[in-house]
Amino acid sequence: MPVVRTVSKVVQQVLLAPACSCGPLSLSVRSISFSPRQVTSDASFHSVSFSETDHPRVLITGGLGQLGVGLAKLLRKRFGKNNVILSDIRKPPDHVFRSGPFIYSDILDYKNLREIVVNNRITWLVHYSALLSAVGEANVTLARNVNITGLHNILDISAEHGLRLFVPSTIGAFGPTSPRNPTPDLCIQRPRTIYGVSKVHAELMGEYYHHRNGLDFRCLRYPGIISADSQPGGGTTDYAVQIFHDAVKTGKFVCNLKPDTRLPMMFIDDCLRATLEVMEAPAEALSMRTYNINAMSFTPEELAREVQKQLPDLQVTYEIDPVRQAIADSWPMSFEDSNARKDWGWKHEYDLPELIQTMLNFIGSDSRIAHAN
Ligand SMILES: NC(=O)c1ccc[n+]([C@@H]2O[C@H](COP(=O)([O-])OP(=O)(O)OC[C@H]3O[C@@H](n4cnc5c(N)ncnc54)[C@H](O)[C@@H]3O)[C@@H](O)[C@H]2O)c1
Ligand SMILES: C[C@@H](O)[C@H](N)C(=O)O
């Protein structure tokens, strides 16, 4: 049985290859087929037909959440408006619809996703669709479908069509048995939320596809992301966005985490820039495929104190949400990201003082404009 022997030898080589090996041992998805949905015999039909020096053609899934619109704006500035397609299952607001290409895409609909990738000659896929930690606990079945079944569709399509694939992971991919202060890239990962479990699954599946068939999978574990012009989608770190809006609009904020709950956080501009940078990094620079990225860590009490330096009348009270508190108590308190800094030059720009100033400037001017109208 020479064929069987050859295949098992190749598989053995792949399994024994070091983590960063993606050169000679990597196999095209066309030579080893995983999924009955994969096209094997005529796969060359799908191969990218335009010059490799062209700008990438990017599809962003789940693009109407907290992060997608900002990422589309950044990528469009770099690669041209029409080379970045935003997609979601929700109806876009007018300003988003008018700002560049938008398309309906449900990541659970495999055929529709494939059609979009083929018809638009997509070369990069940024997979943002997900249910976050708190909403995931409230709807485990949906979270399992979107975060796990949806990811399988994304992986298969990316492997079939030779895409560069970015999937964000999170501080939530760690759990109570992980070292928490600081949390390194490689350590025990036993999260206790469906969100965390699905993100560890995404990290491992992406790395498996990378080693097994050369999928260009790239993944960053984001901290809690803080943004001024987009709302968070139901996570444990949402309080750190809401406090700015409430401070400016009502001068009162009710926090759903205990005052001393320390979590890693990052301003959205740093997060989106990191995403672009890791996507543009040469493959040889990446010694790993999943990296922690870090900027700052603070507690609600520390954040409130800093905001009160600018808005001294702000009143903060605490009404603890036990679900969110239990999640936060199992997550990293600070993040160790030296590998990202060493391998592809990651460097955050916003610490707490710059974050506070930028958020208050934006929300303050936004609410002054709203009052004037
Ligand atoms: N925002 C953060 O603090 C943070 C931190 C770490 C990691 N992340 C990750 O970054 C990504 C984007 O986060 P976000 O904050 O923008 O999330 P979000 O919850 O704000 O948005 C997620 C989007 O996914 C869409 N979606 C849900 N089901 C879908 C489906 N079946 N098909 C297509 N789209 C669907 C939703 O409509 C929503 O617009 C997520 O994968 C998240 O896990 C975010
Ligand atoms: C941390 C992150 O993954 C998200 N903001 C959440 O709290 O669920």
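Two strands count as paired if DSSP finds at least two bridges between them, and strands themselves are DSSP runs (E, at least two residues), just as helices are runs of H or I with at least four, numbered from the N terminus. This is a predicted model, where local features need pLDDT of at least 70, side-chain atom pairs count only at pLDDT 80 or more, and totals for chains, interfaces and linings use all residues. Residues are numbered from 1 along each chain as its sequence is written, while chains are lettered from A and ligands numbered from 1 in the order in which they are written.

Take strand S9 (residues 252-255) to begin with. S9 runs parallel to strand S13 (residues 315-318), and 4 bridges join them; Val254 has Thr317 of S13 as its bridge partner.

Now for the helices. Helix H6 packs against helix H7 (residues 194-213) at about 15 degrees, their axes 10 Å apart. Axes are lines fitted to C-alpha atoms over the stretch in contact, and angles run from 0 to 180 degrees between N-to-C directions. H6 is therefore roughly parallel to H7, a label for angles under 35 degrees.

Helix H6 (140-160) turns up again at ligand 1: along with strand S8 (224-226), H6 gives two or more residues to the shell. In total, 29 residues surround ligand 1, the closest being Gly62, Gly65, Ala130, Tyr222 and Gly233; a residue is near if its C-beta atom, placed from the backbone, lies within 6 Å.

Note on methods:
Angles under 35 degrees count as roughly parallel, over 145 as roughly antiparallel, 65 to 115 as roughly perpendicular and the rest as oblique.
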